[in-house]
Amino acid sequence: MLLLALLVALHLMSSAVQNSDALSRAFVPLLLVVLLGLFALVVMVGVNVLRLVSQRRRGAPGSRLTARIVLLFALISLLPVGVVYYYSLGFLLRGIDSWFDVEIDSAMEDALALNQASLDLNQRVLLKYSQQILAGIEDRSATALTLTLDELRRQAGALELTVFEPSGQVMGTAMDDPTQLVPNHPGREVMQGVRMGVDYVGLEPAEDGQLVVRVVVTDPRARRMLMQAIFPTSARIDELASKLENAYNRYTELAYLRRSLKLSFSLTLSLVLVFGLLAALLAAFGTAQRLVRPVADIARGTRAVADGDYEQRLPLPAQDDELAFLVASFNAMTRRIAQARDEAARSQREVEEQRAYLETVLGRLSSGVIALDGQLRLMTMNPAARHILRLPDYQDTGLALGELERTYGRLGPWAESVRRHVMIATEWREEVTLLGGDGRQVLMCRGSPLPAVTDDGTGSGHVVVFDDITTLIRAQRDAAWGEVARRLAHEIKNPLTPIQLSAERLRHKLLAKLPEAEARVVDRATHTIGQQVEAMKAMVNDFANYARAPEIQDEPFAVDALITEVLELYHGAKVRIEADLGAPEAKVRGDSKRLRQVVHNLLKNAIEALEGRDDGCIRVSTQYAFNDETPSIEMAIEDNGGGVDAELLDRLFEPYVTSKAKGTGLGLAIVKKIIEEHGGIITAENAAHGARFTARLPVWRDTSAASSRPLRRIGET
């Protein structure tokens, strides 16, 4: 109905344009009606476009096909309508121009030619006349000149006569208008030309709009005078100007009517073009919706199947055509896919149950278990294997054994052992030692090939089971050394006192009775025996301390305060000691006396390592540390004494391992034992210029104060 109403309104507009009487009365109302109708069409098309854009953004089925159909309809309709519009508009505009066959061009040419001829003649006459007037002036006094100029002006019929000096100074003037006191000066360019000897004559508009002739001449008698004469135009020129004005007005009226007609016809034709395009777009949307609806149903069904909804069934079209065959095939396909899905789901559940059972069993094992495929790639790795091999939790399976070895170089011996036994394809058992930043690690590895599952009977992989027996070996070694120390202390300590007493008795009995030479021998011998007995007692006490079960006093104390007290005792040391204590609030629960012994032993070792060095320096530092979010305090003692031999670094905390000529090798073993008794760990490493010993102890926190004052990390304020 809207399209029909617009079509009728456009027809009436076309009729109104052709009739000038109806144009003034009906054209504007019809134009408003058409514009309102076109606006309604634009709104309808805009709503459909917005709906289509929204469907495209949501990815609605059929939206892209609808967009292509609408675009195709728009192009198909716009091309012929645009061609017709272009040629029709050109033909219409040229036809309107041909309607106005007036003689305005020839009239304008005649007027211009006549005006030019009259002006030329009149200007030559006036120029000659002005020269004669100036030549006839004899008396140049102000009064006589004024009277003479006024008489000459009336005789010549001029509006103004003015005599100037070459500098522009007015010598005398006479004007037709008595109210005008100042003469009308010529322009600067005119005066400059006249001074150079070129007389000036020209037609100029006056203040009242009338045309006047301005003449500026030099004195023919070569006197230093210039004269300006302003003459009114002749009646003939006015007549020609009036005729020209009338012709111009008529031409303007005709041109105005011509633009109105052109505008009206162009507007009507443009509205027809817009009407055709909008009508084509509305038809395109309607046609596209009818064509795309079945295709959209199939697209929605296909997307549902892609998302896993295999129960999707499409309604069959009423017509038995190719589309109905396609829908029936789609429904049959979804039924078969649903059956296959159910079978696959049952198989997947069985596999997942077996996998979950296997992962549960492997996850609860304390032994590390790794399964390799035929290309020696990691297929399965339980948490215990990651922990024992010190692998990060994000380390994925699928990594080749060689890549694992290159990434983690300390696993080289273990990877080489696995590779060597996999090539043999038999069950095996081997003890492997790994070296890393945490020291030596001993693994007990066992392996076996997996059953053959391929068609050619070859093995499908290998399984490796291993345990970390480092702690067990260390505990056995520590227990053995403890037993040795206990027996040595028992066997050596008993005869030391009789030896010392006997040496003192010999010294007391014989020293005063023997000659001086022999007395000196006895004195040196007994003194040496006493010193060695004291050294033996110290060694026996170290054995006893290492073998004795600890009796720890359990109380909290501040580590920084304890270190400060110990450092006060070393103020007179020959080496420089620097302190950087960064954990003043950290407390450790344990025996402060035994930890004081740890600090003493480490400082003593550092001082002994710096003997003979003038630039010896020891740095003692503490700071907070976090390991798996467990707060702890880290104490480090570092010197610049040259470091520890690499061969002794891994066994430095073992009993009877020392690099000193007179050392027992129990000092660092006791230090490690005390640290471990307090739940901590201690490590040794070579720093840039010396050795560095780092001990880490768990921080004690008061449960009543922990909730109100949380522990701060390093660098927090």
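1. Disulfides. The structure is a predicted model. The number of disulfides in this model is 0. In general, a disulfide is a covalent bond that links the sulfur atoms of two cysteines.

2. Cys 445 has a relative accessible area of 1%. Buried means under 20%, so Cys 445 is buried. Cys 617 has a relative accessibility of 14%. That value is also under 20%, so Cys 617 counts as buried.

3. Overall make-up. The protein has 717 residues, and 35% of them count as buried. Its secondary structure consists of 18 helices and 17 strands.

4. Contacts along the sequence. Take the contacts between residues at least 6 apart in sequence. Of these, 61% join residues at least 24 apart.

5. Surface. The accessible surface of the protein is about 43600 Å². Carbon and sulfur atoms account for 56% of that surface.

6. A nonpolar patch. Which residues make a nonpolar surface patch of about 500 Å²? They are Leu 79, Val 83, Tyr 86 and Tyr 87.

7. Val 83 lies in helix H3, which covers residues 63-99. Is Val 83 buried, partly exposed or exposed? Its relative accessibility is 40%. Buried means under 20% and exposed means over 50%, so Val 83 falls in between and counts as partly exposed. Val 83 is thus a partly exposed residue of helix H3 and one of the residues that make the nonpolar patch.

Note on methods
Residues are numbered from 1 along each chain as its sequence is written. This is a predicted model: local features need pLDDT of at least 70, side-chain atom pairs count only at pLDDT 80 or more; totals for chains, interfaces and linings use all residues. Side-chain values use heavy atoms; hydrogens and water are left out. A disulfide is a pair of cysteine sulfur atoms within 2.5 Å. Buried means under 20% relative accessible area, exposed over 50%, partly exposed in between (1.4 Å probe, protein chains only). Helices (H or I, at least four residues) and strands (E, at least two) are DSSP runs, numbered from the N terminus. Contact means heavy atoms within 4.5 Å. Accessible areas come from the Shrake-Rupley method with a 1.4 Å probe; for residues, only the protein chains shown count as cover. Patches are made of residues with over 30% relative accessible area and no salt bridge: like charges are joined within 9 Å, nonpolar side chains (Val, Leu, Ile, Met, Phe, Trp, Tyr) within 5 Å. A salt bridge is a side-chain nitrogen of Lys or Arg within 4 Å of a carboxyl oxygen of Asp or Glu.
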